[in-house]
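Here are a few notes on the helix packing and the hairpin. Have the model open while you read.

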Amino acid sequence: MAQPLEGTFSAEHSARLLRNYRYVVERTMRALGGWIALTPELSAKLLMGRHVWDLAQHCDAFGRRLPELRAHAQESESANPSIATFMDAIEEPEAPDQTVERLVGVYSVLKPHLRATYREHLARANPVYEPPTRRILTRCIEDETRHIVAGGEILGHLGGTAAAKERARVHQARLDGLLAAAGGVAGDGMPSSPLTPVEPLPADLSDDAREFIRLETATGTWPVPAGLRDALSGFAAALVARDSKALSHWLAPGVAIGDVAWETLCAADYAGHKVVAFARLGHQHLVKTRLDGSAGSVVVLTRWTSAADGWRVAALDVLGRDPRPA
Amino acid sequence: MDRPIAYDKLAREDRFVRMRAREVAELKVSQGLPPFPDLASAESIKERVHGIMVGELQAMEGAGRSVCDFPDAPWEFTMDMARQVWDESRHVEIYLRLLDHLGGYAGEFPETTILWRCACAEDAAARVAGVNRGLEGLACDVFNQLVHIARKIGDPVLERAVDFVLADEITHVRMGSKWLTKLTEGDAERRRRAIEFQENIDERFNLGGVRREGDHDAVSISIATDVRRLAGFTEEEIERLIKTTQRSQVY
């Protein structure tokens with residue numbers, strides 16, 4: 001049966017939609033690019049790193065299509081001031097401890113909406129005279145589907161605690177509200193079925209979130225030599241107890257804990273300790289020990305050297321205090 | 001969003017220990033060790049691969065910042081930087097897996113942030129000159145040698161993986177040359193400053209004579225003249241680099 005010749009959009013309208021999509025996709029691409037450096041977790045870094053290029057290609061495809069629709073190439077246009085406000089809110093979380101908020105904004109709010117919007121556009125774009133736009137939308141839908149699945153995996157990994165889930169819920173509710181108030185990315189109202197379930201796809205297109213998580217969590221135990229293990233444990237216990245006499249036993253001659261470091265250590269009570277980094281520097285070892293308590297945590301970096309009487313601390317630095325409980 | 005960001009905002013998981021490169025080198029020398037890992041043993045290859053992995057991580061972060069920091073740059077510039085982000089993110093994965101292949105782990109050696117500091121240059125032209133031509137040029141030298149060493153020790157996994165990364169790096173150098181020219185068209189002073197920035201980086205990464213012209217087995221980092229030609233460096237530039245390595249300060 002022949003395809004219908006009736007169309008929903010004029011060329012002008014179609015160009016406007018593409019500029020609107022390009023506006024949010026371009027801002028998202030630049031935000032993801034900028035966030036990679038601001039995000040501590042490797043899995044999230046790799047996720048963003050993979051998707052910046054896909055989004056750049058989406059922008060480029062929208063931008064190249066524009067002159068074919070009697071519009072200027074590579075132009076972005078915010079549908080209305082409210083969508084700019086929504087994008088400002090998406091870009092807002094820049095602190096290192098806001099990875100969950102960054103991911104929620106892009107992967108739980110914007111991308112599902114974009115996918116639904118593209119699908120609705122595709123369903124209405126005439127197959128006889130809009131194949132160029134339809135091909136672009138088809139590719140974008142495919143990519144966004146993959147991104148949503150990968151982002152969901154990473155969010156599940158990084159946002160599993162009750163506190164993180166609550167932060168994600170609050171942030172998502174705020175962004176959902178802003179997006180709805182803007183009438184969606186094109187300002188024409190929200191698509192009818194934004195919550196279509198997304199099925200997992202075969203992970204053969206280089207953004208396998210499970211592999212990113214494996215790479216982040218691959219180091220299960222540190223290869224600490226037996227003698228050093230006991231020393232680390234004794235030193236950390238002395239740190240938790242703020243026992244200066246016991247601490248001095250572990251310090252190499254000439255090494256002292258500075259006043260500022262000592263004040264930081266004494267700013268809260270700690271109940272436990274954990275080695276969070278273990279590096280080699282020639283024959284010496286660099287060790288980060290995190291002290292945890294109900295009033296937050298502190299990380300102490302030490303450099304250990306092997307002496308005639310066993311392992312001793314050759315240098316010590318308190319890297320900073322995090323007031324939130326671990 | 002803050003554009004650009006201060007270099008000390010670079011975020012890391014706790015498992016990485018960050019130190020100044022000079023301090024790392026001095027502490028190694030004080031233990032009677034070379035300041036920079038050579039490729040003479042499995043351990044030193046592992047340490048070199050760890051250093052490369054961290055470099056790829058910072059290269060991904062730096063290219064990402066270039067996508068973010070220069071919204072008014074030509075669109076094709078953003079496209080090239082976005083492509084580089086994708087490439088570098090795959091390189092991070094490749095080197096993490098190579099590290100695993102060599103029996104190492106992420107965080108096994110301290111991380112220095114010279115590369116990241118170079119990637120924080122405020123001018124886009126300086127950034128592409130310094131990162132894409134200076135640092136990616138260094139990557140061409142290091143990876144070309146690593147492919148050779150991998151072949152020599154019979155490690156086809158290392159050889160093949162690094163060979164593909166090297167191909168990407170050549171592309172990144174070409175991007176750098178293209179954008180150094182395009183971004184500084186009609187602005188000789190901007191071009192001069194960008195090139196000066198790159199030359200400072202080249203000088204720094206000569207690592208006090210560690211990088212030199214010479215056989216892969218004879219020098220710690222061998223200048224990959226053929227690969228550099230392929231990447232678009234001129235004979236004059238290669239010659240100048242070789243000359244600077246002969247007068248580099250000891251680390």
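**Notes on packing and pairing**

1. In chain B, helix α5 (residues 124-153) and helix α7 (residues 188-204) have axes that come within 8 Å and cross at roughly 35°. Helices here are DSSP runs of H or I, at least four residues, and strands are E runs of at least two, numbered from the N terminus. Axes are lines fitted to C-alpha atoms, for helices over the stretch in contact, with angles from 0 to 180 degrees between N-to-C directions. This is a predicted model: local features need pLDDT of at least 70, side-chain atom pairs count only at pLDDT 80 or more, and totals for chains, interfaces and linings use all residues. Residues are numbered from 1 along each chain as its sequence is written, while chains are lettered from A and ligands numbered from 1 in the order in which they are written.

2. Who touches whom in that pair? On α5(B), the residues include B:Ala129, B:Gly130 and B:Arg133, and they meet α7(B) residues including B:Ala194, B:Phe197 and B:Ile201. Contact means C-beta atoms, placed from the backbone, within 7 Å.

3. Among the contact residues are A:Gly33 and A:Ile36 of α1(A), plus B:Gly64 and B:Val67 of α2(B).

4. A:Lys274 sits opposite A:Arg290 of β2(A). The hairpin leaves 2 residues between the strands, and A:Gly282 in the turn has a positive phi of about 65°.

Technical notes
Contact = placed C-beta atoms within 7 Å. Pairing = 2+ DSSP bridges.
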